Amino acid sequence: MNCLRATTIFRNSLILATAFLFPALLAAQQPTPKADAPKAYALVHAKIFTLAGAPIENGTLIIRDGKIAAVGGQVEVPQDAQVINAEGLQIYPGMFDPVTQMGLREIGAVSSTVDSTETGNYNPDVVALTAVSPSSEHIPVTRVAGITEVLAVPASGGMDSFGPNGVIGGQASAIYLAGWTVDDMQLKRSVAMVVNWPEIQTKTFDFATFQRKEKPYMEAKQEYDKQVTELTDWIERARHYAQAMGHAGPADYERDLKLEALVPVVRGQLPLLIFADRSREIRNAIEFCDKQNLKMILAGGSEAYKLKDLLRSRSIPVVLRPMLTSPLYEDDPYDRLLSQPAELSAAGVKFAFGSFDNSFARRLGQNAANAVAYGLPYDEALKAVTLYPAQIFGLSDQVGTLESGKIANVIVTNGDPLEITSDVRYLFIRGQVTSLDNRQKRLFEKYSARPKP
Amino acid sequence: MKAARAGNALLKAFAVIVVLHFLMALGVLAANPPDAKAPAILLIQNATILTVSHGTIEHGSILIRDGKIAEVGQSIAKPQGAEVIDANGQFVMPGIIDCHSHIAVDGSVNEGSVSVSSMVNIADVLNPDDIDIYRDLAGGVTVANVLHGSANSIGGQTVVIKLRWGAPASRLPFEGALPGIKFALGENPKRSNFSIRGQEKRYPATRMGVEETIRAAFTEARDYKSKWDDYNKRTSAGEKNLIPPRRDLRLDPLVEVLEGKRYVHAHCYREDEILMLLRVAKEFGFKVRTFQHVLEGYKVADEIAAAGAGASTFSDWWAYKVEAYDAIPYNAAIMTRRGVLVSINSDDAEEATHLNQEAAKSIRYGGLSREEALKMITINPAMQLGIDKRVGSIDVGKDADLVIYNHDPLSAYAVVQKTLIDGRVYFDRTRDIAERADREKEKKALTEKEKKSAEKKSEEKKPEEKRQNEKKPDDKPKPPQSGRGSTADESDGVGSAADSDRGAL
């Protein structure tokens, strides 16, 4: 959206506006699971895309105790299962949006509804899950698009988010898009440490007037260097801290919650999710992680194509920013972002699509389909919104495909789930039929029924 | 030493970028310059033709003469000398009309310093080199309603353009299209989201004040008009030596509104403000041509329909501010069902590149038919802009503004292959791709040349000059949207944000 304006100022002016908001937030979504829900479901006569093998015609999927109990062409239907005839329909794993601010931001312009970005530059100890609001209206709206789990990512911006994001933004949490409480919604509390790779920012140089509005380059470069030095320092201190933890008893060193939060990072147990778009920043981030021996996932990656060989050789996966944004530069080909997924795929770089937003999360499938239109093989596009994000964030033993033993996050559609006009008919989260109702549908029904004045 | 060298290299790189941008502005590196002129006779064959006005023609042909559609049908014999586009397996539809755009504008779209800025005109600041013209063409857009921003209750004058990439600014406006004026209601004109601490608030700061600002302006305009009417009447009755009323550039466009010579395009969100403007319009006897965004239009669709106003809305934007919290993707469908003339617009250069997909969302959300969805980006916006006799459907006599897709355009898998305006190909995907290598080569050569000349210059410079040079401002322009909010090019709040809407707020 080219009209993005960095203003933190307007947040201050909107406290009044929240008066409108509270009734809306209190109107709770229909949470799941219901108390009297059946123990097992059998979805029969569907075409099943397990994404773990060839599609199954006229297949059966059994769900029990929240998990997929069986899937195949010749599967017996258990006596106690509620049978859903899915003839003419198709079954897929639910989609997985790996960068959102779900539950962390309700209305971008109203600061009291925004918990997505902590103040300050280094916040490794804050965890997204803590601030996820299970009653957010974005959750049921997003479900309707066939998305069953997302990462809530702190300090990840968003289309209607403004202001700086800090360098170490906090820990991203994997959440189900349903649950009575945050605990119900938790898929994994901490899946990645967010880093916004510093940029050399002189703010603006207006080519229309050829006037500089902000600081000179060398100053900006110095700030960049300072931030990278600070980041390095944080990592090195965390490494010393980890050593101290390993060699001393708890009484022998002073606890530091921020350093403690970075210990899994320096031990290689928690990847860095590094936001960077331009090739210069991406390359610097990769060099940094190489040097520090850290696990890296790239987010954004508008110019990942320039470093595709490096990304492949280092096995660094990418969460791609929506292609429904303009190319970075005026002289980029008009389809630069649209054709990038095909290029990365051909080069063997693993990637997932992300919405990087809340209210646009429902465009995830559209985004993937657009990549197909510009050359990405369809199966890869489908996996890039299901299996690949699960693999990238270490959750593929639980979600991402339809296989026995996995968590039953399942969608039943009347067609290609990436296509704009397809509809989700049933949606299961943790094996429970989950409501496809939402605030928008209710407003639709209410005003469709308005009598003529 | 090392750091200084690195700094120098960056400076040079920056200089190169500056020059490249300058060259691009001159059109040296302009993407895909269009053909010198349109062929006199052009025949598009074997296409699935979505006429919008009279159904779909399979394996059909369109004959174009001198930029106009001369014949549409199942089979048309190739006239002598006709150029042929074989669109076998492809889909042709009317060029997309974007009823809310801010492309091709030089600088800010908001004269936000005053509450009534009717004296300024977007037509005066058209920039034909804006790359977004080309990008939107590549998304099938042929006509755009280029609007002033939404900082003011009554904003600036607006202009309808054809996306004739490569033509000078004087050739962009749609010939004969009535001009418009932007109004804005709600959070943006009351500057809810733009307060700067320590700065006095501009009137109006409430929806009450927005109404009064509009009523006050039209009260003035009505008095001003009656003075002119009186003067004209007496002059034509033969009275001599009368002093004419003093001309008021702010009120002239409002008089045109009262006389039905200028369309009102009113940015709005909430149901109450929509009804407010309808009341004010009735009081002063003018029409609201379109409500723009109109995200709560579904709540008062009957009233909008009864007033004969159009509605131009987003497909699925919501929740970016309070007045967009009740926005629903069913909006277009409900309004259509209740008899409102509805279009889907972009308000954004990138969104405009897939309006076909955005229109398709109303099939899923609200159950519109394929035909109804297509109309919302073709004939409906054409009617809203009063240009439906010229564009908006594939009919004999209309301008040959056409888009050719490789796939059903109401799908996320469709890619624009060609875009024609007045029978001339302004975008051709095959050609765009074929020319990329050459453009890349040209850019490299220019970069090399510039590097060399920068090196030469820096060698010639005296030491103190060099130091000065190092302190010079420099940076590449920030990517327009890394989505991280930190790179905004206009962060001064009042008077800078483009339109309201998403992001712009």
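The structure is a predicted model, in which local features need pLDDT of at least 70, side-chain atom pairs count only at pLDDT 80 or more, and totals for chains, interfaces and linings use all residues. Residues are numbered from 1 along each chain as its sequence is written, chains are lettered from A and ligands numbered from 1 in the order in which they are written, and side-chain values use heavy atoms, with hydrogens and water left out.

**The open sheet of chain A**

- Eight strands of chain A make up an open sheet with mixed pairing, in the order β6-β7-β8-β9-β12-β13-β14-β15. Strands (E, at least two residues) and helices (H or I, at least four) are DSSP runs numbered from the N terminus, and two strands pair if DSSP finds at least two bridges between them.
- At the edges stand β6 (95-100) and β15 (351-353) of chain A, each with a single partner strand, so one side of each has no neighbour in the sheet.
- On average, neighbouring strands of this sheet are turned by 25° against each other, direction ignored. Axes are lines fitted to C-alpha atoms, for helices over the stretch in contact, and angles run from 0 to 180 degrees between N-to-C directions.
- Helix α7 (residues 279-292) of chain A packs on the sheet, where it touches β12 (272-276) and β13 (296-300) of chain A. Contact means heavy atoms within 4.5 Å. The direction of α7 makes about 155° with that of β12(A).
- Strand β14 (residues 318-320) of chain A runs parallel to β15(A), and three bridges join them. A:Val318 has A:Phe351 as its bridge partner in β15(A).

**A strand covered on both faces**

- In strand β5 (residues 90-93) of chain A, A:Gln90 and A:Tyr92 on one side and A:Ile91 and A:Pro93 on the other are all buried. Buried means under 20% relative accessible area, exposed over 50% and partly exposed in between (1.4 Å probe, protein chains only).
- Two bridges link β5(A) to strand β1 (residues 40-48) of chain A in a parallel arrangement, with A:Ile48 opposite A:Ile91.
- Strand β16 (residues 410-413) of chain A runs antiparallel to β5(A), joined by four bridges. A:Tyr92 is partnered there by A:Ile411.

**Cavities**

- There are eight cavities of 30 Å³ or more in the structure. On a 1 Å grid over the protein atoms alone, a cavity is a set of points where a 1.4 Å probe fits but cannot get out, and lining residues have an atom within 4 Å of a point. Grid points are joined across faces, edges and corners, and a volume is the space filled by probe spheres set on the points.
- The largest cavity holds about 320 Å³ of space. It is lined by 28 residues, and among those closest to its centre are A:Leu338, A:Tyr374 and B:Glu350.
- Helix α9(A) gives the most to this lining, with three residues.
- The second largest cavity has a volume of about 210 Å³. Its lining counts 20 residues, and A:Arg362 and B:Arg364 are among the closest to its centre.

**A glycine in a loop**

- B:Gly366 sits in the loop between α8 and α9 (370-375) of chain B, and is partly exposed, with a relative accessible area of 23%.
- Beyond its neighbours within four places in sequence, B:Gly366 is in contact with A:Phe444, B:Tyr330 and B:Ala333.
- The C-alpha atoms of B:Gly366 and B:Ala333 are separated by 5.1 Å, although the two are 33 residues apart along the chain.

How values were computed
1 Å grid on protein atoms, 1.4 Å probe; cavity = no way out; pocket = protein on both sides within 12 Å on 5 of 7 lines; lining within 4 Å.
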